[in-house]
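Dear colleague,

Please find below the structure that I am handing over to you.

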Amino acid sequence: DPSLTRAYLYENGIDAAACVRIAEALRGNTRLDFINLRCNDIGDDGASALAEALKSNTTLGVLLLQRNDIGDVGASTLAEMLLSNTTLTKLSLSYNGISDDGASTLAEMLQSNTTLTHLDLNDNDIDVGASALAGALKFNNTLTHLDLDENDIGDVGASALAEALQSNATLTKLDLFAILFRKIAQKIDRLVKINFLAESEEVARRSKIKLRIEWML
């Protein structure tokens, strides 16, 4: 259907070969802005095919790929795509076995990408890769929601995120339930709330300066 703008293809047993055909259709599509492919079996080959197609696609805004076993290789090809794609605003990669290597390539992308606002990495295998993502947040001023729930983030990664939020004024939601009961979580929560409530980025930064002074006392 040439008028279709949303495609719901979740839980359809779609494998890499079928995903390649979907990717080929995407190359010439100028209307589709939403694809839900969660709970299929596209693997890293399917993710790579989608990434290649989306380098030239100019309409897709949301891509949901939860539970597709794309791993670090798939995450890396999608990160590379987002260096040139200028329309995708939401990418969901939860439950995909992404480790620190995949998180690091996504972090490199975030340092220059200016369109992605929501990145979902819930329930992967990320630990120190959170430090790389934190480093990207010091440069990125577009992302507003980062989901890192249910990963393996330790104190090093959590502290790096807290430090990054001292300067980042645009992230308004950071999901980190796995570290909810650590002291550092309270600091992160306060910094994100400042971003959410502030009338402008400048107001957020001034509020954080006051907060740093309070923490030093």
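On the face of H4 turned away from its buried side are the exposed residues Asp101 and Glu108. Here exposed stands for over 50% relative accessible area, buried for under 20% and partly exposed for anything in between, with a 1.4 Å probe and protein chains only. Please note that this is a predicted model, in which local features need pLDDT of at least 70 and side-chain atom pairs count only at pLDDT 80 or more, while totals for chains, interfaces and linings use all residues. Residues are numbered from 1 along each chain as its sequence is written, and side-chain values use heavy atoms, with hydrogens and water left out. Helices (H or I, at least four residues) and strands (E, at least two) are DSSP runs, numbered from the N terminus.

H4 spans residues 100-110, and its buried residues are Gly102, Ala103, Leu106, Ala107, Met109 and Leu110. Because they cover an arc of only 155° around the axis, they are on the same side of H4; the arc is that of the directions from the helix axis to the C-beta atoms. These buried residues pack against helix H3 (71-81), strand S5 (118-120) and H5.

**Two helix pairs**

H3 and H4 pack at an angle of about 5°, and their axes are 8 Å apart. Axes are lines fitted to C-alpha atoms, for helices over the stretch in contact, and angles run from 0 to 180 degrees between N-to-C directions. The two helices, H3 and H4, are therefore roughly parallel to each other (under 35 degrees; over 145 is roughly antiparallel, 65 to 115 roughly perpendicular, the rest oblique). Asp72, Ala75, Ser76 and Ala79 of H3 meet Asp101, Gly102, Thr105, Leu106 and Met109 of H4, contact being heavy atoms within 4.5 Å. By class, this contact of H3 with H4 has four nonpolar, three polar and two charged residues (Ala, Val, Leu, Ile, Met, Phe, Trp, Tyr, Cys and Pro count as nonpolar, Asp, Glu, Lys and Arg as charged, the others, Gly among them, as polar).

Helix H5 (residues 129-137) and helix H6 (residues 155-164) also pack at about 5°, with axes 8 Å apart.

**Positive phi in two loops**

Glutamate 11, in the loop between strand S1 (6-8) and helix H1 (16-27), has a positive phi near 55° without being a glycine. Aspartate 69, in the loop between strand S3 (62-64) and H3, likewise has a positive phi, of about 55°. Glutamate 11 counts as exposed at 53% relative accessibility, and aspartate 69 at 56%.

Yours sincerely
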